[in-house]
Amino acid sequence: MALAASLFLRQSQSLVMTPQLMQSIQLLQMTHIELNQFIEQEVERNPLIEVVTGDEGARDHERGAEDYSTPSEDRAHAENTSGDDGFQPDLYDSATAASASETLDGGLDNMFPDDAGPRAADAPELAGQWKSMPGGGGDGEGYDLDDFVANRKTLRDVLGEQIPFLLPDPIDRLIAQHLVDQLDEAGYLQGSTAETALRLGKPVAEVDRVLYRLQELDPPGVFARSLSECLAIQLRARDRFDPAMAALVDNLELLARRDFATLKKLCGVNEEDLLDMLAEIRKLDPKPGTRYETSASEAVVPDILVRAAPDGSWHIELNADTLPRVLVNRDYYASVSSRTRRDSEDQGFLNECLQTANWLTRSLDQRARTIMKVATEIVRQQDAFLMHGVDHLRPLNLKTIAEAIKMHESTVSRVTSNKFMLTPRGLFELKYFFTVSIGSAEGGDSHSAESVRHRIRAMIVQEQPDAVLSDDDIVDILRKGGVDLARRTVAKYREAMNIPSSVQRRREKRALAKAAAS
């Protein structure tokens, strides 16, 4: 069969995603922090985009989006405006202030009659110092409390203050500094002393000697290389590291499994002594360095606010703090366009900027509308949860929401990613309301997986030491309550919630009961 090249004319239809359409899809799944960063980048590139926030946005909304007054115009307006009593702020000069002070007996001589001379002489200097302070003087600004808050010390700062008193030798301090640099956030030593000795050209024994000295520093347990060593260091500081406690620390895996019978044999103690040792272990800090951790925790800002309406329905609104207001400065566009030729590069750049700005405002408006549609449908589907709690959480999937609002599942998935809703029941991520459906034992309505997990957790919390529920018992109770669930599923849910088995729970509850009785 001979091969030959030929031309064919074929007509077909296909869906092509333009760069702007792809950008709109990305805007939909951005968090409000990522969205603000994206808008800031667009503002830097596009002179026609303006972001209005706070009181300025409310003022601009009243007088028109394009009307902006400069600070000089505001000052001129203030100068030409006077109150009912004819008082004008700009006419209140130093002479008027001096006369008012004499009239009201508010001078320094009257306030400090015993020490009027020096204080009166120092008054201008004190006034200058007061004006230099944050919020001082007549600037009208309040104090910034962050300027007066002491910086929180880090773990390295605390250790750096103690090392010079512990190690007077400069070489030892140099080794100690290398060891400090190898600490993690919990205060554990990540590197090995052999590597440190090789890097510094020192014997390993000398590095080990410095390490043992550093383990005497506060907080107790720092510079440990394992959990067992961390607990041992703290027990030595408490003078509680006897042979029985050493055996317990060396067998922490048995303690994690709640194998108290084996621990009693290894430690050579009875049950009462073992309970005292476990109580001592609970007082220790397994991560001593975390108390000096300075990383700020980020507060979650809800994207949707839900509250009860007077008529019994739910009032749903978007959080204005997470919705940046973007405006198109058409006055600037008209002003610059009148000075440039239509076929020039500047005019082409302006047209492109105007097109991008219009697209951005439309995309942000569409993003807000889509989030509102999805949130409204979620609230409608989960009305029972908002009224009565997690036990009434309905099984829900993306397809149900997508069909209700006539959108694609991928769009709903992007909207619910990293978006949060503040409800009377608390703050929840939108993904929380989508749970797997579990069949009913009596052929009724299906149950949500999250509500079933909540039932399992509640049953285990309420169980007594002499009546600990096994997985089979939980299955029977759930089946009587109308939930058809397999035993392996109960075990999977229990392990996902970090709940030990019934054997381990029975040992621990009995031990705690005996400790409380004694």
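On a 1 Å grid over the protein atoms alone, a cavity is a set of points where a 1.4 Å probe fits but cannot get out, while a pocket is an open set with protein on both sides within 12 Å along at least five of seven lines; lining residues have an atom within 4 Å of a point. Grid points are joined across faces, edges and corners, and the volume is the space filled by probe spheres set on the points. The structure searched here is a predicted model, in which local features need pLDDT of at least 70 and side-chain atom pairs count only at pLDDT 80 or more, while totals for chains, interfaces and linings use all residues. Residues are numbered from 1 along each chain as its sequence is written, and side-chain values use heavy atoms, with hydrogens and water left out.

Start inside. The whole structure holds one cavity of 30 Å³ or more. The largest cavity contains about 30 Å³ of space. Its lining consists of Asp303, Leu318, Thr322, Leu323, Arg367 and Ile371. By class, three of these lining residues are nonpolar, one is polar and two are charged. Here Ala, Val, Leu, Ile, Met, Phe, Trp, Tyr, Cys and Pro count as nonpolar, Asp, Glu, Lys and Arg as charged, and the others, Gly among them, as polar.

Now the open space. The largest pocket has about 280 Å³. Its lining comprises 14 residues, and Leu255, Ala256, Leu278, Ile281 and Arg282 lie nearest the centre. Ten of the lining residues are nonpolar, four are charged and none is polar. Helix 12 (227–237), helix 14 (252–256) and helix 16 (271–282) each contribute at least two lining residues. Helices (H or I, at least four residues) and strands (E, at least two) are DSSP runs, numbered from the N terminus.

Glu280 in helix 16 pairs with Arg238 in a salt bridge, with the closest N and O atoms 3.8 Å apart. The pair links distant parts of the chain, 42 residues apart, and Arg238 sits in the loop between helix 12 and helix 13 (243–250). A salt bridge means a side-chain nitrogen of Lys or Arg within 4 Å of a carboxyl oxygen of Asp or Glu. Glu280 counts as buried because its relative accessibility is 11%. Arg238 is partly exposed, at 41%. The cut-offs are under 20% relative accessible area for buried, over 50% for exposed and in between for partly exposed (1.4 Å probe, protein chains only). Arg238 and Glu280 also belong to a network of salt bridges with Arg240 and Asp242.

The whole structure has 17 salt bridges. One of them joins Asp172 and Arg209, with the closest N and O atoms 3.0 Å apart. This pair again links distant parts of the chain: Asp172 lies in helix 9 (residues 170–180) and Arg209 in helix 11 (residues 204–214), 37 residues apart. Asp172 is buried, with a relative accessible area of 7%. Arg209 is partly exposed, at 37%.

Another salt bridge stays within one helix. Arg380 and Glu377 meet at 2.6 Å, N to O. They are three residues apart in helix 18 (residues 345–381), so about one helical turn separates them. Arg380 is exposed, with a relative accessible area of 53%. Glu377 is buried, at 9%.

Next, the backbone. Most residues other than glycine have a negative phi, and most peptide bonds are trans. A cis peptide bond joins Asp218 and Pro219, with omega about 0°. Pro219 is in the loop between helix 11 and helix 12. Phe223 is in the loop between helix 11 and helix 12 too. Phe223 is not a glycine, yet its phi is positive, about 70°. Its relative accessible area is 0%, so Phe223 is buried. Asn418 has a positive phi of about 55° and is not a glycine either. Asn418 lies in the loop between helix 21 (409–415) and strand 5 (420–423). At 42% relative accessibility, Asn418 is partly exposed.

Finish at the surface. Met17, Leu21 and Met22 form a nonpolar patch with about 260 Å² of accessible area together. Patches are made of residues with over 30% relative accessible area and no salt bridge; like charges are joined within 9 Å, nonpolar side chains (Val, Leu, Ile, Met, Phe, Trp, Tyr) within 5 Å. Accessible areas come from the Shrake-Rupley method with a 1.4 Å probe, and for residues only the protein chains shown count as cover. Met22 lies in helix 1 (residues 19–29). Met22 is partly exposed, at 41% relative accessibility.
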